[in-house]
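The reader may wish to keep the sequence and the coordinates open alongside the text.

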Amino acid sequence: MLLNQFLLLAAALFAIGVYGVLARRNGVLVLMSIELILNAVNINLVAFSAVRETVGGEIFALFIIAVAAAEVGVGLAMVLLLYRNRRSIDLADIDQLRG
Amino acid sequence: MTVLAALQGFDSLMSGDTVVAQNIAFGILALVMIVAALRMVTTSNVVHAALYLVIVLAGVSGIFILLGAEFVGVTQVLVYIGAIVVLFLFGIMLTRGALGEDEEADTEKRRMAVLVGVLVLVVTGGAVLDSFGDAAVNRAAPSLTAEIGDTIFSQYIVPFEAVSVLLLAALIGAIVVARKD
């Protein structure tokens with residue numbers, strides 16, 4: 001197996017995740033797209049770890065999984081707060097900070 | 001016998017020294033993952049998007065196992081599919097206004113998002129192809145979980161403790177943010 005095929009797969013997933021973050025208006029769907037991006041990064045880390053035959057990259061992938069869990073917890077709490085206050089999780093409606 | 005070893009054994013039966021079975025497994029996984037990811041970001045039903053996310057995450061776990069990182073693959077299934085997706089489904093249920101058929105992004109915004117996504121893919125893919133021309137992954141054996149544990153608790157002990165504090169902070173923060181007063 002070539003290293004490139006893993007890196008290109010990760011690049012494709014990353015690009016799809018970027019599209020999702022930019023095009024979606026539902027807060028939960030934006031968080032899901034961010035998970036896609038983090039998983040693309042994890043594929044890269046594990047692939048480089050396999051090429052170098054060390055465990056460093058795998059350990060960083062584990063750290064990213066833990067940080068992603070924390071991020072989803074806080075992110076969903078914020079989306080719930082948004083829904084409770086405004087009865088909508090459409091991110092296009094959130095423009096109080098716009099100058 | 002590990003999955004990696006099984007696939008390598010299968011190879012020697014089929015084609016001598018090439019890694020046909022691994023490449024076939026990779027191709028199937030990659031195709032399924034990309035189709036599911038595209039469906040995830042285009043479907044208009046939020047629950048379906050979460051279920052497509054499960055397919056992508058399971059595919060990533062398969063890729064990890066193909067790369068010989070079995071512990072990371074199992075952790076991926078436990079944490080992502082077991083916990084994070086369930087969290088997403090709870091989030092969808094609690095924001096019921098968005099359940100079922102959902103918003104459509106305006107076409108102008110979508111067109112710009114497609115442009116940015118394609119640019120990201122082209123630039124990243126070009127850089128990757130340029131940098132790692134024919135580097136090959138041919139790992140002799142899967143990485144040992146004992147080695148991962150040893151390394152985390154010696155070389156990476158400070159980041160490990162920082163992550164545990166981060167998880168505690170995120171737990172308290174999520175409760176404080178979402179609590180009804």
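With which side chain does the side chain of Ser143(B) make a polar contact? The model discussed here is a predicted one, and in this model the partner is the side chain of Glu58(A), at 2.9 Å. Ser143(B) is located in the loop between H5 and H6 of chain B. The residue is buried, because its relative accessible area is 12% and the cut-off for burial is under 20%. Apart from neighbours within four places in sequence, Ser143(B) is in contact with Val55(A) and Glu58(A) of one chain, and with Gly68(B), Ala69(B) and Ile148(B) of the other.

This pair leads to the interface as a whole. Chain B contributes 84 residues to the contact and chain A contributes 68 residues. The area buried between chain B and chain A amounts to about 6800 Å², and carbon and sulfur atoms give 77% of this area. On the side of chain B, Val41(B), Phe88(B) and Val137(B) lose the most area to chain A, together 9% of what that side buries. Between the two chains there are zero salt bridges, whereas 12 residue pairs, both at pLDDT 80 or more, are in polar contact across the interface. The elements of chain B that give two or more residues to the side touching chain A are helix H2 (20-42), helix H3 (46-66), helix H4 (70-94), helix H5 (107-131), helix H6 (145-152) and helix H7 (157-178). By class, that side has 56 nonpolar, 16 polar and 12 charged residues.

In soluble globular proteins, nonpolar side chains tend to be buried together. The largest nonpolar core here has 65 residues, of which Met32(A), Ile43(A) and Phe88(B) touch the most other members. At least two residues of this core come from each of helix H1 (3-23), helix H2 (27-52) and helix H3 (56-86) of chain A, and likewise from each of H2, H3, H4, H5 and H6 of chain B. H3(A) gives the most, with 11 residues. Residues up to four places away in sequence aside, Met32(A) touches Met40(B), Val46(B), Ala49(B), Ala50(B), Leu53(B), Phe88(B) and Ile92(B).

A further residue of chain A, Ala47(A), is found in helix H2 of that chain. Ala47(A) counts as buried because its relative accessible area is 0%. With residues up to four places away in sequence left out, Ala47(A) touches Leu3(A), Phe6(A) and Leu67(B). The C-alpha atoms of Ala47(A) and Ala10(A), 37 residues apart along the chain, are separated by 9.9 Å.

The whole structure holds one salt bridge over all chains, formed by the side chains of Asp90(A) and Arg25(A) at 2.7 Å, N to O. This pair links distant parts of the chain, since Asp90(A) is in the segment after H3 of chain A and Arg25(A) is in the loop between H1 and H2 of chain A, 65 residues apart. Both Asp90(A) and Arg25(A) are buried.

One backbone feature remains. Most residues other than glycine have a negative phi. Glu53(A), by contrast, has a positive phi, near 55°. Glu53(A) lies in the loop between H2 and H3 of chain A, and at 46% relative accessibility it counts as partly exposed.

Notes
Residues numbered from 1 in each chain as written. Chains lettered and ligands numbered in written order. Predicted model: local features only at pLDDT ≥ 70, side-chain atom pairs only at ≥ 80, totals over all residues. Heavy atoms only, no water. Contact = heavy atoms within 4.5 Å. Buried area = accessible area lost by both parts, 1.4 Å probe. Salt bridge = Lys/Arg side-chain N within 4 Å of Asp/Glu carboxyl O. Polar contact = N/O pair within 3.5 Å; in protein donor to acceptor, adjacent residues only side chain to side chain. Helix = DSSP H or I, 4+ residues; strand = E, 2+ residues; numbered from the N terminus. Nonpolar A, V, L, I, M, F, W, Y, C, P; charged D, E, K, R; others polar. Core = buried A, V, L, I, M, F, W, Y, C linked by side-chain atoms within 4.5 Å. Buried < 20%, exposed > 50% of the residue type's maximum accessible area, 1.4 Å probe, protein only.
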